[in-house]
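Please view the sequence and the model together while reading.

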Amino acid sequence: MIKTVAQPKAVGLRPRCHGWRRVALLAPLVATSVLLASAISALPALAQSTEAFRQFVTELWPDAQGMGVSRATFDMAFRGVEPDLSIPDLVLPGQAKEVKGQAEFTRTPAEYLNVSHLTRLSEQGRALLKQHAAELAKIEQMIGVPRHVVLAIWGRETAFGAHRSPHYAIQVLATQAWLGRRKDMFRTELLNALKMLEDKVRTRDTMNASWAGAMGLTQFMPSEFYTLAYDLDGDGRKDIWGSVGDALASAANQLKVKGWIPGQDWGYEVRLPASLNCLAEGADHARPMREWIKLGVVRTRGREFPADIMDAQAFLLTPAGSYGPAFLALENFLVIKRYNMSDLYALFVGNLADRIAGGGDFETPWGSVRQLPAKSVEQLQERMQGLGYSVAKVDGKAGMNTRSLVGAYQKANGLKVDCWPTEAVLTHMRATTARGPEPAAKPDHDTTRGRSGLGVR
Amino acid sequence: MGSAYASVSRVRACVAAAVLLSGAAVMAAAALADSRLAAISTEEPRAAPQGQLDALWPAANARGISRSVFERYTADFILDPEVVRLATSQPEHVKPPGAYVADLVTPERVEIGRALAAKHAATLAAIEQAYGVDRHVLLAIWGVESAYGTSTGSRSVVRSLATLAVADARRAPFWRNELIAALRILQDGQTAPETFVGSWAGASGHTQFIPSAYTAHAVDFDKDGRRDIWGTVADALASTANYLRTSGWSAGAPWGIEVILPSGFDYSWSAPGRPQTLSQWLAAGVRIPTSSANLQLGLPLQLVLPAGAQGPAFLVTKNFRAILRYNNATAYALAVGHLADRIAGKAALMAAWPSADKALGRGEREEMQRLLTARGHDTGGVDGIMGDQTRAAIRATQRTLKLAEDGHPSFELLQRLRADPLP
């Protein structure tokens, strides 16, 4: 039977969009497909599904073997395993129920950056700062990523180890590789997870993971374990489960590999002059710090920007459109974001790091905005694409690109500019597209697709 | 099966042909509606004004047509008023897909197809080997297009195309191009004027190629020096196989399969452009009822509901799209695919077609488009054609009204829109 388990708490459970590597041995998905036996048609629906999953596993074997996985390990790993259709990010065509997506994209900024949650974590973080001072000093010295940021990642990912990963890694990775939105990526991760069993990194009983297959104190994907994990204590094992030093060093190493710039912050909360609003949001409108300052941007709470970053590229971030704080983000914001592709995730980690270092709350409170459901965001993105706006990706996620284009649409159509996607904006777009694209409805700026860094290294 | 069979086959084929004609007429009408030949002159002159075709000479010359051939086939040109009439008549009723498929996939046509599969077994095996296209699909196209060569049309291809080139101002460049290609076929001696006959739109031969399709895709499979789609079955079927391969046919994959959807299914997944793997459909509770489903688990499959949520459901491969390139109507591709399956010995469709699927008349179709437009959904104009844009508008309004989102222009929906014209 296919298990229907309760939805796990979504904190820190994240699929990675980056950091995985395609295994050279991996054959294209379809090439190894076996013909569906005619016997399958005699089975009832549930049995047809189970049979198809069994065949999926059968087809996986040659690639697993190619990775050095033994038959015994392979069989042990999959014994009694059924797909878990309750996890997020699967595509089950025609099923009416919408599985909740990543917390980073279903919660509002105020919900995600929950103040009491941040306060609690920063208190714990300050205690851990003392407790692990030796390891953290060693990490700063050897890897070059500040201790507060490393601790903040740990806090965000597993609440400093308090969150238990509720799933068996092979089960969720196999389900994702079989039915997920990103089958190829998860197939690679599944093969790496099998290799971890073969290499006795973990046993079947201890191979717990998030719904996306992330494991350990700092939530590494299996491929990241092989490419980015770090043995800080020198015991010959990269123990991201039991060794805080190894887990934090691995997280630091991942940030370093993804481009961390030593000596720079992630960014700053700012106050905007009247001439700037959410329309200027996004990495595509990056400019040097000194230019932002010249435009009248000031740091909150009367603080000064560090003097040595005036030439650094920075971009404006308004996660709640015009209903909340504004930030100037530096390259390191994008580096944190590469750990998990979400603005709110990176902002959470950045703010938690600041709080652990003794910093405080945001000056500007979050307004009460509602998050538009993913399906509606998707429709909105499609409509904007149809109207000629440079939507980077139709993915149902209201990120920087979508928010600033919503702002551009609002401006072009004489609506109130708040850069926040709502049902009202979508309804307006429906009416606009039904009349045909209007010449006025052109974005007043062009954005470049696929840009992922500020180009300052 | 010797000669005794042949006569039986001819008799049955004639019966089939009679049925086919109604089906073919629908398709022709649908094709016509698609091309929106509103610009055609409705007058019926007995002869075209002299010199109209002369204007074509430079273009024909540039394409290698000799002066003598050009004059031989255009000098005595008389406009065919019947072609003008057929090209301008707008269909009042379009057959619902169930009736359309039932009219084409008859027991007679299945039986003749099976007999012809046996008769041409060696040829079909060689074509399959050369092009990778399933023999039963070739037989089905042959059966649907010309009732296996018994109903290939009797109008002069050149005269029909010349008539359309002169009378249909809007699509004149298209028809002129076809006419010149037709002249080239005659000049090259591929066929004789007496055998170069076909439909009012210039399609001819066993599998009804228009001249440009012939030029690009016809093959000389029996190696007699002529690409003879009119008299040589091997050439006609190999040409069709070649056309399908060029249109993206993938060897070894079926066109599609009938499936049973689970209860509570969200029909919006039948919208175009949402293919999912077989694994995904199965995991979501979709069932394959028929045996010998030669489908790969990772194969992308698109859900198609020809008669909406109440009718049969199909998961189709990109081979279905290849058949659509032959004739861009879902009911057509479905009739071909299902006839192919039946010829191959597979079972009839499991699900019944909805008996209440009352086809909308032209006025009703336009009314539905007007009502949809009034509700803020873009139907791409009011033209009575239930194309992709109109169907997308139907889906959008079904979503708003919380109805099954199947994009089907049902009479029920029309009544609902009438009762509740504005949201």
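Helix α8(B) is mostly covered, with 12 of its 12 residues buried. A residue is called buried if 20 or more other C-beta atoms lie within 10 Å of its own, exposed if 12 or fewer do, and partly exposed in between, with C-beta atoms placed from the backbone. Helices (H or I, at least four residues) and strands (E, at least two) are DSSP runs, numbered from the N terminus.

The model is predicted; local features need pLDDT of at least 70, side-chain atom pairs count only at pLDDT 80 or more, and totals for chains, interfaces and linings use all residues. Residues are numbered from 1 along each chain as its sequence is written, while chains are lettered from A and ligands numbered from 1 in the order in which they are written.

The buried residues of α8(B) include R135(B), H136(B), W142(B) and E145(B). Among the elements that cover them are α5 (97-104), α6 (107-119) and α15 (330-343) of chain B. After α8(B) comes A147(B), whose phi is positive, near 50°.

Helix α15(B) is largely enclosed by the rest of the structure, because 13 of its 14 residues are buried. Just after α15(B), G345(B) has a positive phi of about 95°.

The table sets out the spans of both helices between their end C-alpha atoms. The expected span is 1.5 Å times one less than the number of residues.

| Helix | Residues in helix | Span | Expected span |
|---|---|---|---|
| α8(B) | 12 residues | 17 Å | 16 Å |

**The nonpolar core**

A nonpolar core is a set of buried Ala, Val, Leu, Ile, Met, Phe, Trp, Tyr and Cys residues joined through C-beta atoms within 7 Å. The largest has 226 residues, and those that touch the most other members include V150(A), L248(A), L138(B) and A335(B). Another core, of nine residues, lies apart from it; L372(B), I394(B), A396(B) and L417(B) are among its members.

Which residues is L138(B) in contact with, leaving aside its neighbours within four places in sequence? They are L124(B), I127(B), V133(B), L237(B), T240(B) and A241(B). Two residues are in contact if their C-beta atoms, placed from the backbone, lie within 7 Å.

**A sheet in chain B**

Four strands of chain B form an open sheet in the order β3-β6-β5-β4, with antiparallel pairing. β3 (256-259) and β4 (276-277) of chain B are at the edges, each with a single partner strand, so one side of each has no neighbour in the sheet. Strands pair if DSSP finds at least two bridges between them. β3(B) and β6(B) (residues 313-316) run antiparallel and are joined by four bridges. E258(B) stands opposite F314(B) in β6(B).

Chain A has 17 helices and seven strands, and chain B has 18 helices and six strands. Of the 457 residues of chain A, 48% are buried. In chain B, buried residues make up 51% of 423. Among contacts in chain A between residues at least 6 apart in sequence, 74% join residues at least 24 apart.

**A loop residue in chain A**

R182(A) is in the loop between α8 (169-179) and α9 (183-198) of chain A. Why does R182(A) count as partly exposed? It does so because 17 other C-beta atoms lie within 10 Å. The C-alpha atoms of R182(A) and K416(A) are separated by 37 Å, and these residues are 234 residues apart along the chain.
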